[in-house]
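Have a look at the sequence and the 3D view below, and keep them at hand as you read.

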Amino acid sequence: MTGTHRFNIDKWQVVKAYQLVKANKGAAGIDRESMAEFEKDLKNNLYKIWNRMTAGSYFPPAVKAVPIPKKSGGKRLLGIPTISDRIAQMVAKLYFEPLVEPFFLRDSYGYRPGKSAIDAIRVTRKRCWHQDWVLEFDIKGLFDNISHELLMKAVSKHTRCKWLLLYVERWLKAPMINESGECIERTQGTPQGGVISPVLANLFLHYVFDKWMQKHYPHVKWCRYADDGLAHCRSEEEAQGMLSALRDRFAECGLELHPEKTKIVYCKDGSRKGQSQHTSFDFLSYTFRPRWVLNRKRQSLFLSFSPAARGAQKVMIKKIRMLGIRKRTDLSLVEIARWINPILSGWINYYGCFYRSELYRVFRQVNKALIWWARHKYKKLQRRKTRAGRFMENIAKSHSYLFAHWRAGMRGSMV
């Protein structure tokens with residue numbers, strides 16, 4: 001190590017950061033350099049990152065702004081850093097996350113090691129059984145509106161590491177380049193798509209919401225996943241008061257509640273006789289609403305306020321259609337299974353955790369696509385829909401291990 005190195009950063013942390021970034025995959029940044037191209041001169045490229053970071057001379061390049069469609073309509077800007085910058089950010093994340101993670105509260109679930117969206121759904125399900133009312137809130141443009149001053153104050157509270165403070169501030173100020181090549185200077189926000197952005201956003205909301213709730217409303221149970229949150233209340237009046245207080249709190253910190261995605265919901269079930277404008281809400285792609293479910297002994301039905309994947313069905317079916325399975329006659333059935341099973345397994349693992357029967361409609365669509373594939377693939381089945389259905393059903397029975405939904409017992413009838 002020479003005298004030009006101001007900061008002590010372990011070289012092996014840069015190597016580890018590269019391995020994690022590679023595993024996460026992701027598109028190229030404004031320099032259009034892919035991971036494969038970066039790896040052509042891997043040793044030298046990693047050395048450059050380490051050398052500049054230790055010297056204090058690392059300056060993040062601009063972030064590539066990519067508009068992506070929202071489920072609710074409109075678009076959000078995703079900021080994509082270069083491969084090199086993602087690695088540098090990962091070095092910082094590996095250092096900083098263990099410092100703040102012990103301070104985060106139990107009911108913060110987003111972007112945290114050892115916690116998942118399903119954990120948040122599970123705890124919300126139980127709380128909806130015990131509390132009649134829920135305030136569902138969404139923060140409008142969280143990643144675009146975080147105050148740099150307040151965020152740096154929060155970062156400084158947890159570390160005095162000079163290189164971390166230096167580079168976090170530089171990442172916050174790095175400009176964005178949009179599709180037309182225009183350079184957008186940034187005075188607030190942290191790019192959604194940056195490696196360190198989720199940790200920074202979580203830290204910001206830890207003080208803006210989590211700790212504030214703990215201090216001012218210790219009796220109210222809440223759950224937050226990034227910018228989506230829920231507060232469980234005993235009455236509609238309490239929920240109205242909470243909504244008013246939250247609006248003021250977020251405004252005080254430079255944030256705004258989304259007017260369309262924020263509402264007060266009555267968790268109506270068989271024992272709750274009240275009325276409300278809203279008796280359902282969507283949280284992490286699950287729809288919570290009154291549903292008929294079997295009791296534990298599976299002998300009778302009762303009305304329960306429960307989550308299911310009904311709201312996500314359209315998205316999954318659209319995805320199946322976009323894959324164009326029926327046209328891939330160049331592939332064998334085994335190759336198709338290898339291609340789509342990761343997608344199907346992901347849906348089963350996530351949406352199949354509660355009210356799994358909601359997935360049957362989705363997997364019927366997969367089966368239909370496979371039947372059409374068979375009709376395109378084999379001439380003798382082209383004009384025989386029923387025969388093609390029997391053909392695929394026989395394969396499903398004899399090779400039930402082939403597709404993820406067949407293995408999970410969601411084969412269904414194909415005739």
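Predicted model: local features only at pLDDT ≥ 70, side-chain atom pairs only at ≥ 80, totals over all residues.

Let's begin with the overall picture. The C-alpha atoms fill a box of roughly 75 × 60 × 40 Å, taken along the principal axes. Within the chain you can find 15 helices and 11 strands. There are 415 residues, and buried ones make up 49% of them. Now think about how the chain folds back on itself. If you take the contacts between residues at least 6 apart in sequence, 68% of them join residues at least 24 apart.

For a sense of distance, find T187, in the loop between strand 5 (183-184) and helix 9. T187 has a relative accessible area of 70%, so this residue is exposed. Now find M410, which is 223 residues away from T187 along the chain. The C-alpha atoms of these two residues are separated by 51 Å.

Next, let's go inside. In soluble globular proteins, nonpolar side chains tend to be buried together. Here, the largest nonpolar core has 69 residues. Those with the most contacts inside this core are M53, I87, W163, L246 and F250. Helix 9, which covers residues 197-216, gives the most to this core, with 10 residues. A second, separate core has 57 residues, including C128, L331, A388 and W406.

Which residues does M53 touch, once its neighbours within four places in sequence are left aside? The list is F7, I9, Y58, A88, V91, W163 and Y167.

L301 belongs to strand 11, which covers residues 301-308. Is L301 buried or exposed? Its relative accessibility is 54%, so L301 counts as exposed.

Now for the cysteines. How many disulfides does the model have? The count comes to zero. A disulfide would need the two sulfur atoms to be within 2.5 Å. C267 has a relative accessible area of 0%, so this residue is buried. C183, by contrast, is partly exposed, with a relative accessible area of 41%.

Our last stop is charge. Side chains of opposite charge can pair when their charged atoms come close. In this model, the count comes to 14 salt bridges. One of them joins D119 and R122, at 3.7 Å from N to O. Both residues lie in helix 5 (residues 117-130), three residues apart, which is about one turn of the helix. D119 counts as partly exposed because its relative accessibility is 27%, and R122, at 35%, counts as partly exposed as well.

Another salt bridge joins R291 and E358, at 3.6 Å from N to O. R291 lies in strand 10 (residues 286-294), while E358 lies in the loop between helix 12 (333-351) and helix 13 (360-377), so the pair ties together parts that are 67 residues apart in sequence. R291 is buried, with a relative accessible area of 2%. E358 is at 7% relative accessibility, so E358 counts as buried too.

Finally, look at R106 and D107, whose side chains meet in a salt bridge at 4.0 Å from N to O. Which of the two is exposed, and which is buried? R106 counts as exposed because its relative accessibility is 60%, whereas D107, at 9%, counts as buried. Together with R127, R106 and D107 are linked in a network of salt bridges.

Note on methods:
Residues numbered from 1 in each chain as written. Heavy atoms only, no water. Helix = DSSP H or I, 4+ residues; strand = E, 2+ residues; numbered from the N terminus. Buried < 20%, exposed > 50% of the residue type's maximum accessible area, 1.4 Å probe, protein only. Core = buried A, V, L, I, M, F, W, Y, C linked by side-chain atoms within 4.5 Å. Contact = heavy atoms within 4.5 Å.
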